[in-house]
Amino acid sequence: MELLLASAIGVMTATGLYLVFRLRTFPVIIGTSLLSYAVNVFLFASGRLVVNRPPVLSDDAAGYTDPLPQALVLTAIVISFGMTAVVVIIALSAYLSSDDDHVDDVPEGLAAAKREGEPEVRT
Amino acid sequence: MSHWIITPVVLPAMMAAFIVLMLRHHPLLQRVFSLAGTVALLAIAAGLAVQAADGTIMLYQLGHWAAPFGIVVVADRLATLFVLLTALLGVFVLLYAIGSGWDRRGRHFHALFQFQLMGIMGAFLTGDAFNLFVFFEVLLIASYGLMIHSGGARRFRVGVQYVVYNLLGSTLFLFALGTIYAETGTLNMADLAERIAAMPDGQTAGIRVASVLLILVFAVKAAILPLHFWLPSAYATAPAPVAALFAIMTKVGAYSIIRFYTLVFPPELAATQGLFGTWLLPAALLTLALGMIGVLASRRLDRLVAFSVIGSMGMLMSSIALFTPEGIAAALYYAVHSTFATAALFLLVDIVRERRRSHGVDLSAATPIPGGALIAGMYFAAAIAMAGLPPLSGFVGKLMILQAAFADPLVWWVWAVILSSSLVAVVGFARAGSLIFWKSHAAAGETSSASDPDDSQGAHELHDPPLDPPVLPFVAIGGILAAMVAITVFAGPLHRHFAATSAQLFDPEPYITRVLGTPGRKIAYEGDEKAAHSDAPAASEEAH
């Protein structure tokens with residue numbers, strides 16, 4: 001089980017990083033989602049891997065699994081879920097408004113030359 | 001137990017919810033409540049700072065749970081200093097946003113602004129590593145919204161970079177926290193300090209990894225050299241009041257480094273010897289050099305100021321990286337100064353951009369700016385402060401850092417880089433200022449007749465500030481400049497206070513006993529002793 005979990009975290013992190021380095025919004029967002037899955041599993045494992053044990057106190061329990069990482073993972077999942085939604089919307093607006101889904105920076109001069117007619121940054 | 005400690009977090013949170021739910025269609029009331037909330041926040045922050053000034057460490061246990069299990073909010077000298085700084089900056093920035101009409105160029109500015117304040121305050125006050133992460137996320141989510149406030153293709157584009165970069169940073173933060181929890185079984189900072197100090201020699205590999213991961217996360221926030229790429233575009237593109245508020249965001253990274261690497265991983269800790277200490281100072285010096293070279297190389301005023309932020313963070317970090325009481329004290333003074341200087345410059349950039357119309361903030365000679373004398377004067381003062389020339393606070397701060405660096409083996413490097421980069425910064429700022437404010441007079445004749453009828457008025461009445469534009473933006477910038485003058489005049493008392501703050505940091509024992517020794521509600525499990533060994537009940541509060 002340890003091997004399975006460790007390699008799952010490793011593979012997800014590696015894939016996530018690879019996708020992030022593609023520098024187009026869609027792969028980047030998938031990549032950050034994969035990274036957040038990896039980190040969630042990692043957080044879950046930080047309380048040690050225990051099978052079939054209750055997390056809350058009870059009279060007839062032989063042992064316990066650590067409940068704190070589960071709470072941490074819950075928080076992390078909620079946050080990463082919200083973040084993914086935010087980045088999807090912003091990326092969509094960026095794509096729709098500039099017709100380009102590259103994440104990396106455009107050199108200053110080029111960007112200015114490209115949209116000469118447009119009012120610069122503000123509305 | 002005083003409930004005032006938690007109010008800097010609760011008040012903006014309530015205010016933001018109130019504004020977004022009740023005042024959605026009342027722009028004027030939004031302004032009134034937002035400003036009232038921020039002023040109240042300033043009053044509370046000042047009260048807390050006064051209470052903490054004598055060295056008391058105030059503690060607030062959420063739900064009255066005792067420390068290692070429950071979540072605590074801790075207000076010591078360091079935390080209250082940054083809380084006060086944020087509140088002060090918040091008032092000025094909000095005044096500017098209202099005066100310049102920025103808050104009406106998009107929706108929900110005030111709600112996001114309050115959420116941003118809540119996140120920043122929480123990050124400064126929390127005594128729990130995981131809650132630090134949560135508050136980082138709160139301030140980041142709010143900053144994403146503020147960053148793309150009022151829209152525009154370029155702003156969205158830079159917004160995506162900013163969000164993705166910070167998502168990666170957050171992921172790294174979680175990896176670091178997971179490692180810390182796996183190694184120590186706690187996330188309370190005071191408890192961490194005790195357990196890490198007590199770790200046996202052979203088993204420190206995991207915690208060493210965590211300490212380096214954690215400093216990388218904070219280095220992303222503080223924009224230290226290899227991790228600074230997000231900053232120039234983000235700050236230059238963000239709406240001006242937002243960029244000015246972001247001046248405190250890099251300081252959140254610096255604060256976290258100060259907090260964690262004096263309390264949890266103190267410099268004398270055997271386990272982390274020679275890890276970050278060896279490369280943090282060189283990295284900070286390179287950041288400083290790069291920032292100031294960027295100032296010289298920029299072709300737009302907004303990017304110039306953004307690079308000067310990197311430079312000032314380099315200066316700040318090179319003082320923190322000494323990890324001596326003198327270094328931290330100097331760094332605190334410089335942090336206060338550079339927050340104000342950065343904010344003032346970003347707001348001035350906005351005024352220049354507003355008034356130069358067609359030329360924007362390109363560093364090129366164009367028609368003179370209406371009301372140029374006042375703006376040029378303010379730019380002059382802010383640039384002097386940022387570049388660290390006497391008589392303003394930048395010079396005092398730099399002097400303190402130079403003095404603090406004496407004991408370090410790398411002292412000559414520190415001196416050489418700080419002094420030469422200051423010269424570069426002076427040249428950069430002077431060039432920008434003369435191009436925008438002086439050369440314009442030479443160019444006035446030929447360009448004013450050209451295309452832009454709006455600008456022609458400026459050519460005739462150079463020295464009369466126009467009467468119609470709002471006064472409030474100038475009040476806000478003037479207020480920030482006045483604050484800089486004040487910290488210059490009171491540099492002596494302030495330095496004594498910062499020295500006391502840093503002494504408190506390097507003697508963490510009272511902090512730890514205050515956090516862990518304060519009795520609170522314990523786990524009440526019917527019957528037996530089994531309850532004692534469980535870490536359980538903290539979990540229920542973690543979700544907030």
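A nonpolar core here is a set of buried Ala, Val, Leu, Ile, Met, Phe, Trp, Tyr and Cys residues joined through C-beta atoms within 7 Å. Buried means that 20 or more other C-beta atoms lie within 10 Å of the residue's own; 12 or fewer means exposed, and anything in between is partly exposed, with C-beta atoms placed from the backbone.

This is a predicted model: local features need pLDDT of at least 70, side-chain atom pairs count only at pLDDT 80 or more, and totals for chains, interfaces and linings use all residues. Residues are numbered from 1 along each chain as its sequence is written, while chains are lettered from A and ligands numbered from 1 in the order in which they are written.

**Stop 1: chain B as a whole**

Select chain B and switch to cartoon. Its secondary structure comes to 21 helices and 2 strands. Helices (H or I, at least four residues) and strands (E, at least two) are DSSP runs, numbered from the N terminus. Of the 544 residues in chain B, 59% are buried. Take the contacts between residues at least 6 apart in sequence: 80% of them join residues at least 24 apart. A contact requires C-beta atoms, placed from the backbone, within 7 Å.

**Stop 2: the core**

The largest nonpolar core has 233 residues. Select A343(B), A344(B), L347(B), L348(B) and A382(B), which have the most contacts inside this core. Now show helix α13(B), residues 325–356; this helix gives the most to the core, with 20 residues. Centre on A344(B). Beyond its neighbours within four places in sequence, A344(B) is in contact with A382(B), I477(B), I480(B) and L481(B).

**Stop 3**

The crossing of α10(B) past α13(B) is right-handed. A crossing is right-handed if the near helix is turned clockwise from the far one by less than a right angle, and left-handed if anticlockwise. Show side chains at the contact: from α10(B), A240(B), A243(B), A244(B), A247(B), I248(B), K251(B), A254(B) and I258(B). Facing them on α13(B) are residues including I328(B), A335(B), A343(B), F346(B), L347(B) and D350(B). By class, this contact has 13 nonpolar, 2 polar and 2 charged residues. Ala, Val, Leu, Ile, Met, Phe, Trp, Tyr, Cys and Pro count as nonpolar, Asp, Glu, Lys and Arg as charged, and the others, Gly among them, as polar.

**Stop 4: α6 and two partners**

The crossing is left-handed. On α6(B), pick residues including L172(B), F173(B), F175(B) and I180(B); on α8(B), partners include I207(B), L213(B), L214(B) and L216(B). This contact counts 14 nonpolar, 3 polar and 2 charged residues.

Select R154(B), R155(B), V158(B), Q161(B), Y162(B) and Y165(B) on α6(B), then W230(B), S233(B), A234(B) and T237(B) on α9(B). The classes come to 5 nonpolar, 3 polar and 2 charged.

**Stop 5: V426**

Select V426(B) in helix α16(B), residues 411–448. With 19 C-beta neighbours inside 10 Å, V426(B) counts as partly exposed. Past its neighbours within four places in sequence, V426(B) is in contact with A387(B) and L389(B).

**Stop 6: backbone checks**

Most residues other than glycine have a negative phi, and most peptide bonds are trans. Which bond joins P390(B) and P391(B)? A cis peptide bond, with omega about 10°. P391(B) is in the loop between α14 (372–387) and α15 (393–404) of chain B.

Next, H64(B): phi is near 60°, a positive value. H64(B) lies in the loop between β1 (58–61) and β2 (72–75) of chain B. H64(B) is exposed, with 11 C-beta neighbours inside 10 Å.

Finish on chain A. R48(A) has phi near 70°, also positive. Look for R48(A) in the loop between α2 (25–45) and α3 (68–98) of chain A. R48(A) is exposed, with 11 other C-beta atoms within 10 Å.

Terms used: Two residues are in contact if their C-beta atoms, placed from the backbone, lie within 7 Å.
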